[in-house]
Amino acid sequence: MKKAISGLLALILILGLCAGCGNSDQTPDQSGEPNQTQDQPQTPAGGDVNIYTQLLNMDPSETALESDGNQIPMELYLYWLTYSCSNLEYQLNMFSAYYGMYTELVNEDGSILWDGDLEGQPAGDFARQQAEDNALSYAIIENVAAKHNISLTAEDNAQLAEDKAAYIEQLGGQEAYEQNLREMGISEASFDRVSASGCLYQHLLELAQDPSSDLYQAPTDDNAYVDHILLMTTDSETGEPLSEEEIQAKREQAEDLLAQLQASDDVEALFTQLAEEYCEDPGRASETGYLINPDTNFVQEFKDAAFALKPGEISGIVESDYGYHILLRKELTEAQLTTVADENLAIYMDSQLEAARDTLVRSDKLDGINVGEFFAKYKEAVEAMYSNDDTQPAE
């Protein structure tokens, strides 16, 4: 199960920042029992003991992964490993509790059997691969941005500073912010680095919309903006077919609407008017059509008819299991062009991610990490941070 960069961007500011150049999210909920003292940790530059060095006795600044010369420090890789474990634990518990799935992987206390099989591999290896992909995806954003001479602007830096200040205030002040960094196991430099990725990606998206850029891909006929008038031949509540008489009446109504459209001097205006009056598609209540491609989950009859049209053309009467459709293909809007550019950029970035996996340099120390033991000790360590005060971990 691979996570596309487009999906990962929903996590761009998982470390805490609010809006600005990227999207916000919160750090995953962590809990556990107090931990006993581990081996004497190394002390990184600055004098602070990183939570991961406390658990694994590793230098947080040493390189864990390297892609095209771009180095990912151990602390950032381990943050993503922690995040992947936390997210996977939550998801498996949810599927187990609500759907009866993956029950063999969930212990009575909610912890995960990390050696258990998940999609053909141990759950721990699944989390390990997700962590690597997450960390690598951010490196790919940085690498592609560098190749296109993209760096943070003064406006970006000002926005990031403003967002960080708002985040610190939200947490309750500088001390709480520093405690939050310790909980996540990252330095402020790593926090800022991941936060900046949202801005870099936005600049890449701007290039993807610029016809003069090599990141630009013109929309193809596979990107279709289509409106339709649907007259249903099934009961919308039960899904049962209507009577033969009702179906015949719907057919005659569809033929009448089509005749009006074929005789009109302003097809699009009349189509919109008739659709608002007669269309029985509940999904159109707040829409004026759909942006589709060959993979869109629509009935095949609808897609075949849509892609056979050119912008401005209407179809004949198209019959599907839902009823009778009349389709109008429209020119893509500016917002849809942005959506297409975003999708094309995500596909390109995913291809870069696939290529980078083959040349990725990994630290030998990563294979020595027992994922289950590491995550259990991490939760204990976080709980111990808060055992002597009233502060609670970020949720």
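Tyr99 lies in helix H3, where helices (H or I, at least four residues) and strands (E, at least two) are DSSP runs numbered from the N terminus. The model is predicted, so local features need pLDDT of at least 70 and side-chain atom pairs count only at pLDDT 80 or more, while totals for chains, interfaces and linings use all residues. Residues are numbered from 1 along each chain as its sequence is written, and side-chain values use heavy atoms, without hydrogens and water.

Tyr99 counts as exposed because its relative accessibility is 55%; the cut-offs are under 20% relative accessible area for buried, over 50% for exposed and partly exposed in between (1.4 Å probe, protein chains only). Together with Tyr98 and Met101, Tyr99 forms a nonpolar surface patch with about 400 Å² of accessible area. Areas come from the Shrake-Rupley method with a 1.4 Å probe, and for residues only the protein chains shown count as cover.

Most residues other than glycine have a negative phi. Asp68, however, has a positive phi of about 55 degrees and sits in the loop between strand E1 (63-67) and strand E2 (70-73). Asp68 is exposed, at 59% relative accessible area. Asn149 also has a positive phi, of about 55 degrees, and is found in the loop between H4 and helix H5 (154-171). Asn149 is exposed as well, at 73%.

Key
Patches are made of residues with over 30% relative accessible area and no salt bridge: like charges are joined within 9 Å, nonpolar side chains (Val, Leu, Ile, Met, Phe, Trp, Tyr) within 5 Å. A salt bridge is a side-chain nitrogen of Lys or Arg within 4 Å of a carboxyl oxygen of Asp or Glu.
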